[in-house]
Amino acid sequence: MAKFGKKSNTSQNIPTAALPDIIFMLLFFFMVTTVLRETDILVKQQLPRAVQLTKLERKSLVSYIYIGEPKQTNLYGKEPKIQVNDVFVDVSDIVQFVNQEKDKLNEAERDQITMSMKVDVDSKMGIVSDVQQELREANARKVLYSSIKSVDL
Amino acid sequence: MARKNRPTAEIPNGSMADIAFLLLIFFLVTTTIATDKGIAMLLPPKPDPNQPPPEVTKNDRNIFKILANSQDKLLVEDEPLTDVFELKEMVKIFVLNFGNPGEEGVTIYNSLPSSMKSYISINGRRVDYSDDPTEAVVSFKADRGTSYELFVQVLDQINGAYNDIYGSRVGISASDFLQLDRDDPIQKRKYNNARQGIPRAISIAEPNKIGG
C-alpha cells in the first residue's frame, strides 16, 4: 500500500518547445507539394469516367487543353470552346500553343510532350478530333484523355 | 554613457506555433494533390502530303470495326450494339481468336498460360475473326456528332480488353498490370513479357464530316 501513497517527483509537463518545429516541418511539406492552380478554367469540366486509367509519369512534360461549354454562357455562347492557359483559342492556334510548350522543354524531351485533354462529357467528337488533327500537325502525338476512375464497374 | 538596465531584446515566440498553424492550414486547404489520370493514346503521325495514303492490305477478318454515329448508336462488326460494356469481351475474343495463326501466332499461342488456352478453345477459332493477335486491329470510327462520353467509354472498353489479355498472360489482373512500374527492372520484365508479340493495335479513324 505504501507504493500508492508515494508521490512521484517527475514533472507532468509535455515539453512543447519543439512544437513549432514540428508544425514548420509539416508546413514545409505542404508548401513544397502544393501546386497553386495557375489557370482559371473557363469551361465546364465534368470529366468522363473510365476504368483503364494510366497515371502521368512526368508532370513537366504535360500540357493541358481544356474543352467544354463556357461557364459564362452569356459572354461566350453555349458552343464548346478550347481553352489553353488562360484564354480561349481557335483550333488553328493549337499548333502555335504546342510549339510554345515545346520550347519550354529540353531539346531531348521535346518529342515526349504529352497533351492532357480535359474534355467535358457533353462535348461532341467534332471539336475533339479537330484538336487531334492539329496535334498531329504539331507532332505532339502523346495524348491523355483525362478521366476519373469509375467505381461501379 | 550606456544605460544600465537594457530591456531584454527577445521576441515573444509563444505564438509562433499559432502562426505556423495558420500557414499550415492555408496550404492544406489550397493543396490539390494532383492525380491526373486518363486513357493514354498515341496519335498516328501526320500524313505525308507527297505520299498517297497507304492501302489497307489487311484481311477484312483481321479488322474489328466499331462505328459510332451522331445518335450515339454503335455498329460493331456490321451489327448494331446497344450495350457498350459488351465490347470488352467481344474485343478480347476477337484478339485471342487464333483462327489461322501464322508462325509468330503459333509461338505466342504456345507461350500462353493454360487458362487462356482453354478460354481460346471455348470462345476462339472463329473463321470471321482475327488470324492471330499480331494481325488483329481494332478500328474505331466516330462521327463528329458522337458524344465524347461514348468515345471515352469505347476506348476504355478496348483498352480494358487488351489490359485483360496482358494481365492474364503474366497471371495478374488488368488493374495490377496497369500499375506495373516500368522503372523497376523486375516489373519491367513482367510488363515486356505481357506485351511481347501482342501489339495494342487500336486505330482511330478520322470522324465523318457529315452526320450519319
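Modeller: The model is a predicted one. In it, 42 residues of chain A are in contact with 42 residues of chain B. On the chain A side, the elements that contribute two or more residues are α2, β2 (54-55), β6 (114-119), α5 (125-137) and β7 (142-146). The most is given by α2(A), with nine residues. Sorted by class, this side of chain A has 23 nonpolar, twelve polar and seven charged residues.

Helix α2 (residues 19-33) of chain A packs with helix α1 (residues 16-30) of chain B at an angle of about 20°, and their axes are 9 Å apart. Angles under 35 degrees count as roughly parallel, and α2(A) and α1(B) are therefore roughly parallel to each other. The crossing in which α2(A) passes α1(B) is left-handed. From α2(A), the residues that take part are A:L19, A:P20, A:I23, A:F24, A:L26, A:L27, A:F30 and A:M31. They meet B:M16, B:A17, B:A20, B:F21, B:L23, B:L24, B:F27 and B:L28 in α1(B). By class, the contact of α2(A) with α1(B) has 16 nonpolar residues, no polar ones and no charged ones.

Strands also link the chains. β7(A) is joined by five bridges to strand β1 (residues 37-42) of chain B, and the two strands run antiparallel. Within this pairing, A:Y145 has B:I39 in β1(B) as its bridge partner.

Terms used: Residues numbered from 1 in each chain as written. Chains lettered and ligands numbered in written order. Predicted model: local features only at pLDDT ≥ 70, side-chain atom pairs only at ≥ 80, totals over all residues. Axes fitted to C-alpha atoms, helices over the stretch in contact; angles between N-to-C directions. Helix = DSSP H or I, 4+ residues; strand = E, 2+ residues; numbered from the N terminus. Parallel < 35°, antiparallel > 145°, perpendicular 65-115°, else oblique. Left-handed = near helix turned anticlockwise from the far one by under 90°. Contact = placed C-beta atoms within 7 Å. Nonpolar A, V, L, I, M, F, W, Y, C, P; charged D, E, K, R; others polar. Pairing = 2+ DSSP bridges.
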